[in-house]
Amino acid sequence: MYLKNYCLITGASEGFGRALAIECAGRKMNLILVALPGPELFYLANFIERNYKVEVIVFEKDLTKEEECTMLYKEVCERNYNINILINNAGLGNTQLFSEGSISFYEQQLKLNVVATTLLTRLFLDMLRNNAPAYILNVGSLCSFFYLAKKQVYGATKSFIYFFSKSLRRELQNENIHVSVICPGSMNTNTSVILLNKKSSWLSQLAVMNPEKVAPIAIDGLLKRKEVIIPGSVNKFFLVLNKLIPASLKKIITNNQMKLLNAVPPRFQPAMTEALLPVSIPVNKPLPVIINQIC
Ligand SMILES: NC(=O)c1ccc[n+]([C@@H]2O[C@H](COP(=O)([O-])OP(=O)(O)OC[C@H]3O[C@@H](n4cnc5c(N)ncnc54)[C@H](OP(=O)(O)O)[C@@H]3O)[C@@H](O)[C@H]2O)c1
């Protein structure tokens, strides 16, 4: 019996996951969309089915719970859905001093960013093998490459994603399963982030991208089997610059960054994602500090 292939996207109800879903639908891929319970996922599924004529299946799961990751896999198997593309996008960001975060918040962040990505990849691996050529796209961050105050745990989870993806790619390359990692800088993914991005300095704003612009770059890179996908020329430029800056200068940058961040009013501190760091720093700052803000 011929079975259709599906692309499974986690964290698909909004932000980058939503943009990825629409991009994949535009390429006529059938979709399995996963997010926390809520109406947005169903609105999106309806919108995609009406406009793109592909099949969209929705699963409401809390991926911070190991048993829900396993249930997702079991339900996909029971309903005979065949996955040939797995996109691990769901992720939880933050900007705060380590001592300001609660243990339960860090636990959730580690579970979603690290454990769920690992579990889902392991659970779906045999299915991907059976459907080769198959693809895994893990969503990292430009943060993977920098040591950033107030992003200690988030940055470390994204470094995990980066190293995990690159290592797994080496293991799976002979099995026709292609692993890519995308490392975006700031994206205008949800209302609070968009508002904060608007207040950031002009140079920080240059690096900000819309998820709808990043999504085609992500899927092109994945299908072209690129190992690491860095969207946007400003982000690429800062990565090159980071390689050129000597360690001693980076130490000065980090110290400056801490001084500036300590002067930030708390109202700028609670929210999500990379976008927050640029917002929270005064505009007249030395170039090295700007470099560190952009990721
Ligand atoms: N935004 C940026 O500037 C930026 C930059 C670099 C990398 N990234 C990465 O890109 C990815 C997406 O970020 P985003 O900014 O688009 O995030 P977002 O707008 O906050 O969307 C997060 C998505 O993940 C889902 N989600 C959250 N917790 C979940 C859970 N426990 N179980 C299942 N799904 C859950 C949300 O579902 P609900 O809607 O149901 O809550 C939503 O669909 C993340 O991995 C992030 O680290 C973002």
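User: With the side chain of which residue does the side chain of Glu23 make a polar contact?
Analyst: This is a predicted model, in which local features need pLDDT of at least 70 and side-chain atom pairs count only at pLDDT 80 or more, while totals for chains, interfaces and linings use all residues. Residues are numbered from 1 along each chain as its sequence is written, and side-chain values use heavy atoms, with hydrogens and water left out. A polar contact is a pair of N or O atoms within 3.5 Å, where within protein one must be able to donate a hydrogen and the other to accept it, and residues adjacent in sequence count only if both atoms are side-chain atoms. At 2.8 Å, the partner of the Glu23 side chain is the side chain of Arg27.

User: Is Glu23 buried or exposed?
Analyst: Glu23 has its place in helix α1, residues 15–26, where helices (H or I, at least four residues) and strands (E, at least two) are DSSP runs numbered from the N terminus. Buried means under 20% relative accessible area, exposed over 50% and partly exposed in between, with a 1.4 Å probe and protein chains only. Because its relative accessibility is 19%, Glu23 counts as buried.

User: Leaving aside its neighbours within four places in sequence, which residues is Glu23 in contact with?
Analyst: Contact here means heavy atoms within 4.5 Å. With neighbours within four places in sequence set aside, Glu23 is in contact with Ala215, Pro216 and Ile219.

User: How many aromatic pairs does the count come to?
Analyst: Rings of Phe, Tyr and Trp (its six-membered ring) pair if their centres lie within 6.5 Å, and planes under 30 degrees apart count as stacked, over 60 as edge-to-face and the rest as tilted. By this rule, the number of aromatic pairs is nine.

User: What is the angle between the planes of Phe47 and Tyr52?
Analyst: Phe47 is partly exposed at 31% relative accessibility, and Tyr52 is partly exposed as well, at 22%. Their rings form an edge-to-face pair that is 6.4 Å centre to centre, and the angle between the planes is 70°.

User: Why is the pair of Phe145 and Tyr162 edge-to-face, and how many residues apart in sequence are the parts that the pair ties together?
Analyst: The ring centres of Phe145 and Tyr162 lie 4.9 Å apart and their planes stand at 75°, so the pair is edge-to-face. Phe145 lies in the loop between β5 (134–139) and α5 (152–172) while Tyr162 lies in helix α5, so the pair joins parts whose separation in sequence is 17 residues.
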